[in-house]
Amino acid sequence: MRTLSLAIAIFCFWLALSGHYTPFLTSIGFVSVLVVVYISAKMGLIDAEGHPIQLVPAALTYIPWLIFEILKSAWSVAKAIISPSLPISPTMTVVRASQRTTTGLATYANSITLTPGTITVAVRGNEFTVHALESTGADDLEAGGMDKRVSQFEGGD
């Protein structure tokens with residue numbers, strides 16, 4: 001199932017990037033996808049980490065939530081930049097991740113970095129050193145809301 005899903009995903013991605021839908025080019029693309037999937041299978045790359053289709057249902061709620069968090073943070077950063085007094089309070093903090101898999105840890109670290117005003121600057125096991133433009137951003141991370149959402153996405157809670 002995972003192999004078929006990977007082939008479909010790669011072929012759809014190829015079609016989207018190609019923009020050419022003639023029978024000849026489409027068949028060449030299809031053959032290319034089959035070769036790539038065959039080589040990937042032989043190399044043992046088609047696994048739960050390389051193609052995590054088990055996360056698709058959880059992504060349907062996590063991605064909209066993350067987009068909303070990005071927009072909220074972007075608004076907060078924009079307000080701080082536009083303000084003449086530049087009310088920032090740069091802060092470094094260490095947050096503990098409760099995720100059990102490398103996919104979950106990477107998702108959490110990347111979610112922090114995608115959110116404007118915060119960036120994961122170091123990762124040591126399950127401890128992330130984070131720089132926040134405003135202390136409220138650090139406080140939100142320390143409260144654990146994002147950690148909990150990523151754990152739900154990962155399938156922990």
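A nonpolar surface patch of about 800 Å² is formed by Phe30, Val31, Leu34, Val35, Tyr38, Ile39, Met43 and Leu45. The model is a predicted one, in which local features need pLDDT of at least 70 and side-chain atom pairs count only at pLDDT 80 or more, while totals for chains, interfaces and linings use all residues. Residues are numbered from 1 along each chain as its sequence is written, and side-chain values use heavy atoms, with hydrogens and water left out.

Patches are made of residues with over 30% relative accessible area and no salt bridge; like charges are joined within 9 Å, and nonpolar side chains (Val, Leu, Ile, Met, Phe, Trp, Tyr) within 5 Å. Accessible areas come from the Shrake-Rupley method with a 1.4 Å probe, and for residues only the protein chains shown count as cover. One of the patch residues, Phe30, lies in helix α2 (residues 23–43). Helices (H or I, at least four residues) and strands (E, at least two) are DSSP runs, numbered from the N terminus. Phe30 has a relative accessible area of 44% and is therefore partly exposed. In this scheme buried means under 20% relative accessible area, exposed means over 50%, and partly exposed lies in between (1.4 Å probe, protein chains only).

Helix packing was examined next. Two packed helices are described by the angle between their axes and the distance between the axes. Axes are lines fitted to C-alpha atoms, for helices over the stretch in contact, and angles run from 0 to 180 degrees between N-to-C directions. Helix α1 (residues 2–18) packs against α2 at an angle of about 140 degrees, and the two axes are 10 Å apart. This angle makes α1 oblique to α2. Angles under 35 degrees count as roughly parallel, over 145 as roughly antiparallel, 65 to 115 as roughly perpendicular, and the rest as oblique. The crossing of α1 past α2 is right-handed. A crossing is left-handed if the near helix is turned anticlockwise from the far one by less than a right angle, and right-handed if clockwise.

Helix α4 (residues 102–114) and helix α6 (residues 145–154) pack at an angle of about 140 degrees, with 10 Å between their axes. The arrangement of α4 relative to α6 is therefore oblique. In passing α6, helix α4 makes a right-handed crossing. Thr107 belongs to α4 and is buried, because its relative accessibility is 16%. The C-alpha atoms of Thr107 and Ser151 are 9.5 Å apart in space, and the two residues are 44 apart in sequence.

A salt bridge is a side-chain nitrogen of Lys or Arg within 4 Å of a carboxyl oxygen of Asp or Glu. By this rule two salt bridges are counted. The side chains of Glu69 and Lys72 form a salt bridge with an N to O distance of 3.1 Å. Glu69 and Lys72 are separated by about one helical turn, because they stand three residues apart in helix α3 (residues 56–82). Glu69 is buried at 17% relative accessibility, whereas Lys72 is partly exposed at 42%.

Another salt bridge joins Glu127 and Arg96, whose closest N and O atoms are 3.0 Å apart. This pair links distant parts of the chain, since Glu127 is in strand β3 (residues 127–132) and Arg96 in strand β1 (residues 91–96), 31 residues apart. Glu127 is partly exposed, with a relative accessible area of 32%. Arg96 is exposed at 55% relative accessibility.

The loop between α3 and β1 contains Leu86 and Pro90. Leu86 is not a glycine, yet its phi is positive, at about 45 degrees. Because its relative accessibility is 44%, Leu86 counts as partly exposed. Pro90 is exposed, with a relative accessible area of 52%. Although Pro90 and Ala132 are 42 residues apart along the chain, their C-alpha atoms are separated by 5.7 Å.

Ala143 is part of helix α5 (residues 135–143). The relative accessible area of Ala143 is 67%, so this residue is exposed. Ala143 and Val95 are 48 residues apart in sequence, and the distance between their C-alpha atoms is 9.3 Å.
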